[in-house]
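These are my notes from one sitting with the model. I went through contacts, cores and surface patches in turn.

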Amino acid sequence: MTVLKLSLLAFSFVFWAAGLTMLIIGLWAKVFLGTYLALSASDYPSAPAILLATGAAIIIWGFLGCFGAATEHRGLLRAYSAFLTAVLAAGLTAGLSALLYRQNVAQGFQEGLRQALLTYGEDEGMADALDALQRALSCCGVESYRDWLASPWGLEQNGSVPLSCCRARRGCQHSLPNVRGLHRDGCFSKVSAFVSSNMFYVATAALGLALLQLIGIVLACLLAARIPTRLLGIATPR
């Protein structure tokens, strides 16, 4: 039983570290990617919020798992096993969803980009997010800079583009802007390429973390089953 206890303690520590990593990534995504994620028209829950909630729950339960293994508390070990089972199911769902719905995520960004372009100048939050995205990805418009020329804002500006489309401010923001001074690529192609290339790794990580829970579930159940009845305060019959 000592080997089981030490194995579960080691697993719980790794599980706790994984939760801390998810929490840190969630905070980073909330701070640095929150602006870009606001452009998505998808109805899916916010990825940073999911990471923060999952990371916090894993940290708490990872600590409880260590405590349950150290004190050989059968009820806590069973609860820990049930939580690991829930994480297993959630990880499998998240991993498969990332693989199956990555095109939907990209399409959500396409719709959001078009909406942000149409309301540019009216919704300051969306305008700032779109400007930040165009600067960060060195892109312009949804498919190309021509999207701006036909937009309500572009027509008001006599066929101009925002400064965020310019490689350099000089010689860019004019009617019929100099194409050589613009970012040539549309933002959707770059966002779509990023989503397609990274979703596979996200899905693989989620599935791997989910399958890892099988080890914890087996260890917790075995340790709970092997706890001597004297530790539970149950009198053994003579």
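**Charged pairs, cores and patches**

I began with Asp185, which is partly exposed at a relative accessible area of 41%. My cut-offs for burial are under 20% relative accessible area for buried, over 50% for exposed, and partly exposed in between, with a 1.4 Å probe and protein chains only. The model is predicted, so I noted that local features need pLDDT of at least 70 and side-chain atom pairs pLDDT 80 or more, while totals for chains, interfaces and linings use all residues. Residues are numbered from 1 along each chain as its sequence is written, and side-chain values use heavy atoms, with hydrogens and water left out.

*Salt bridges.* I searched the whole structure and got 3 salt bridges; the criterion is a side-chain nitrogen of Lys or Arg within 4 Å of a carboxyl oxygen of Asp or Glu. Asp185 pairs with Lys190, and their closest N and O atoms are 3.9 Å apart. Lys190 is partly exposed as well, at 27% relative accessibility.

I then looked up Glu72 and Lys5, whose side chains form a salt bridge at 2.9 Å, N to O. Glu72 sits in the loop between α2 and α3 (74–100) and Lys5 in helix α1, so this pair ties together parts 67 residues apart in sequence. Helices here are DSSP runs (H or I, at least four residues), numbered from the N terminus. Is Glu72 buried or exposed? Glu72 counts as buried, at 14% relative accessibility.

The remaining entry under this topic is Glu143 with Arg114, with 3.5 Å between the closest N and O atoms. Because Glu143 lies in the loop between α5 and α6 (146–149) and Arg114 in helix α4, the pair ties together parts 29 residues apart in sequence. Both ends are partly exposed: Glu143 has a relative accessible area of 41%, and Arg114 has 39%.

*Cores.* I took a nonpolar core as a set of buried Ala, Val, Leu, Ile, Met, Phe, Trp, Tyr and Cys residues joined through side-chain atoms within 4.5 Å. The largest one has 26 residues, and the members touching the most others are Leu39, Leu113, Tyr120, Leu130, Leu133, Trp148 and Cys165. Helices α4 (102–118), α5 and α8 (187–226) each supply at least two residues to this core. The most come from α4, with 6 residues. Apart from this core I found another, of 20 residues, including Met22, Ala210, Leu219 and Ile227.

*Surface patches.* Patch members have over 30% relative accessible area and no salt bridge; like charges are joined within 9 Å, and nonpolar side chains (Val, Leu, Ile, Met, Phe, Trp, Tyr) within 5 Å. I listed a nonpolar patch of about 860 Å², made by Phe13, Val14, Trp16, Leu20, Ile24, Phe63, Phe67, Leu212 and Ile215. Two or more residues come from each of α1 (2–37), α2 (47–71) and α8. Which element gives the most to the nonpolar patch? It is α1, with 5 residues. Val14 belongs to helix α1 and is partly exposed, with a relative accessible area of 47%.

The negative patch on the surface gathers Glu122, Asp123, Glu124, Asp128 and Glu156, with Asp and Glu counted as negative. Asp128 lies in helix α5 (residues 124–137) and is partly exposed, with a relative accessible area of 47%.

*Phe11.* My last entry is Phe11, in helix α1, which counts as buried at 8% relative accessibility. The C-alpha atoms of Phe11 and Gly62 are separated by 8.8 Å, with the two residues 51 apart along the chain.

Conventions. Areas by Shrake-Rupley, 256 points an atom, 1.4 Å probe, with all protein chains shown as cover. Charge placed at Lys NZ, Arg CZ, Asp CG, Glu CD.
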